Each structure stands twice: as structure tokens, then as C-alpha cells.
Amino acid sequence: MILAIDMGNSNIVVGGIDSSRIYFEERLTTDRNKTNLEYAISIKNILEIHGIEVSSIEGTIISSVVPPLNNTLTTAIKKITGKTPLLVGSGMKTGLNIIMDNPKTTGSDMIVDAVAALKEYPAPLIIIDMGTATTMSVIDPAGNYIGGVILPGLKISLDTLSSRTAQLPQISLETPGKIIGKNTIDCMRSGIMYGTAAMIDGIIDRMEDELGQKTTVIATGGLSRFVMPLCRHDIIIDNALLLKGLFILYQKNKKA
């Protein structure tokens with residue numbers, strides 16, 4: 001089993017995975033003020049909760065979009081496992097041909113998603129990852145990563161709406177029963193949820209027009225299960241995509 005960690009702007013996903021199954025998946029809050037010891041304690045507690053012995057961890061790998069915390073998390077993992085984790089980034093073997101103006105600037109989470117999606121689903125592909133930001137990546141029929149879009153995430157949109165308008169409250173994210181709301185809270189939920197779904201549907205249409213053919217659409221990320229059922233396209237939800245991609249990259253890059 002390997003310890004696979006995806007560090008996003010809001011959450012850090014910690015998972016245990018091997019070639020047969022995913023043993024656990026948990027989330028920690030991304031906090032730039034935490035020390036490596038605090039992260040080490042949190043991750044060790046996750047392992048203990050799931051009954052995972054440190055000796056059973058073959059190796060570790062990190063994907064990160066928060067560079068200032070890379071060294072902190074790396075040190076934390078070394079304290080627990082005694083192993084230096086692989087870090088997804090420039091120079092790592094991915095097997096992915098990235099056709100971008102500057103391939104090195106492509107987000108590591110987007111690369112990991114693409115690697116996993118290409119192994120499990122037929123191209124061309126659109127990969128939607130709903131986190132702090134919502135990203136949509138495109139893989140062409142030949143399996144090349146050719147770009148995508150980055151959108152404000154669901155919670156960012158909701159927080160901005162509440163904080164910038166004096167009379168609109170903070171609300172929870174729940175799927176509204178219908179599009180036409182009958183009170184302020186339902187109107188806000190409808191706007192955020194159906195608005196995001198319609199935006200995703202519209203972008204998929206335009207991406208497929210640009211490609212000139214239909215695509216396989218995959219969605220991942222903690223918020224995808226709330227929004228994808230509201231979309232009109234057929235979208236496969238695969239919340240294990242990042243962990244599976246990290247496992248593939250670990251296998252490609254581990255030392256003999």
C-alpha cells in the first residue's frame with residue numbers, strides 16, 4: 001500500500017491505495033500555519049483510526065497546488081514513515097503529452113486526474129474537478145492533454161455572494177428541489193447549484209464543438225456529487241480519480 005496525498009487550497013486528501021483497492025480516504029483542512037509536527041500527528045491519527053500499520057506503507061506520493069506547504073508536508077510524512085515522498089511536478093514521468101504554451105505551469109492535480117482518466121476511460125475526455133476552483137481539462141482523441149478552463153469554485157461563488165451583499169445570508173450547500181425559489185435562501189441555492197450546472201453544460205457543449213466530436217465526461221472532487229445530477233450531459237462521477245492517478249504515478253516513478 002502507498003500513502004497518497006493531494007494537497008488543495010482548502011483540503012488535503014489523505015488516502016491509502018494499492019493495485020487492488022482503496023483502503024481509506026480522509027480529508028484535513030489545509031492550514032498554512034500548522035507545523036510539520038501538527039500535520040504528522042493528524043496523518044498518524046488517520047492511519048491509527050483505520051488500523052493501518054506504518055510498516056505496511058511501501059512509499060508515499062504528494063500532489064500539491066500549495067507550494068509553500070510542500071516542505072512542511074514532506075517533513076511530516078518523513079517523520080511518520082521514514083520515507084521521502086515523491087512530489088508530482090516537473091521532471092516526473094507521467095506518460096502524458098501536455099500540449100500547452102508552458103506545460104510546466106499545468107496544475108499537478110489536473111495532471112494526476114488526466115493520467116487516471118486516460119487509463120480508465122476512452123478519449124476524447126473532459127475531466128471536471130470541483131474543489132476550491134472548478135477545473136475542466138480536455139484530452140484529445142490521441143490522448144494529448146490540450147488545455148481546459150479554470151472557474152470559480154462553488155463555495156467561492158457562494159461566499160462572495162453572501163459577503164458582498166448586505167441582505168443575503170450565509171447558507172449551506174444543498175440541492176434545491178426546483179429551479180424557481182420561493183424565498184431568499186432557496187433562490188440563492190437555485191442560483192448557485194443550477195447556475196453552476198448550466199455553466200458546466202454550456203462549457204461541455206463548446207468544448208465538444210471545438211473538438212468536433214462527443215467526449216467522455218468525468219467528474220471528481222467533493223462537490224461533484226451535488227452538481228452533476230443537475231447537469232443535462234451524461235457525466236461519470238469518479239471521486240477516486242486523484243488517488244488512482246497518484247498510484248499510477250508512484251508506480252511509474254518509484255526507485256527500483
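Predicted model: local features only at pLDDT ≥ 70, side-chain atom pairs only at ≥ 80, totals over all residues.
**View 1. Helix 3 meets helix 7.** Helix 3 covers residues 108-120, and helix 7 covers residues 241-253. Their axes come within 8 Å and cross at roughly 85 degrees. Angles of 65 to 115 degrees count as roughly perpendicular, so helix 3 is roughly perpendicular to helix 7. On the helix 3 side, the contact is made by Asp109, Val112, Asp113, Val115, Ala116, Ala117, Lys119 and Glu120. Helix 7 contributes Leu241, Leu242, Lys244, Gly245, Leu246, Ile248 and Leu249. Sorted by class, this contact has 9 nonpolar, 1 polar and 5 charged residues.

**View 2. An open sheet in the order 3-2-1-4-5, with helix 7 across its strands.** This sheet has 5 strands, and their pairing is mixed. Strand 3 (22-29) and strand 5 (86-87) stand at the edges. Each has a single partner strand, so one side of each is left without a neighbour in the sheet. Strand 1 (residues 2-7) pairs with strand 2 (residues 11-17) in the antiparallel sense, over 6 bridges. Look for isoleucine 2: opposite it, in strand 2, stands isoleucine 17. Helix 7 lies across strand 1, strand 2, strand 3, strand 4 (59-64) and strand 5. Helix 7 runs at about 120 degrees to strand 1.

**View 3. An open sheet in the order 8-7-6-9-10.** Here 5 strands take part, with mixed pairing. Strand 8 and strand 10 (236-237) are the edge strands, and each pairs on one side only. Strand 6 (residues 125-130) and strand 9 (residues 216-220) run in the parallel sense, joined over 5 bridges. Aspartate 129 faces across this pair: threonine 220 of strand 9 stands opposite. Strands of a sheet pair through backbone hydrogen bonds, either parallel or antiparallel.

**View 4. The buried residues of helix 4.** Helix 4 spans residues 154-163. Leu154, Leu158 and Ser162 are buried in this helix. Why do they lie on the same side of helix 4? They cover an arc of only 55 degrees around the axis, which puts them on that same side. An α-helix has 3.6 residues a turn, so residues three or four places apart point the same way.

Note on methods
Residues numbered from 1 in each chain as written. Heavy atoms only, no water. Axes fitted to C-alpha atoms, helices over the stretch in contact; angles between N-to-C directions. Helix = DSSP H or I, 4+ residues; strand = E, 2+ residues; numbered from the N terminus. Parallel < 35°, antiparallel > 145°, perpendicular 65-115°, else oblique. Contact = heavy atoms within 4.5 Å. Nonpolar A, V, L, I, M, F, W, Y, C, P; charged D, E, K, R; others polar. Buried < 20%, exposed > 50% of the residue type's maximum accessible area, 1.4 Å probe, protein only. Arc of directions from axis to C-beta. Pairing = 2+ DSSP bridges.
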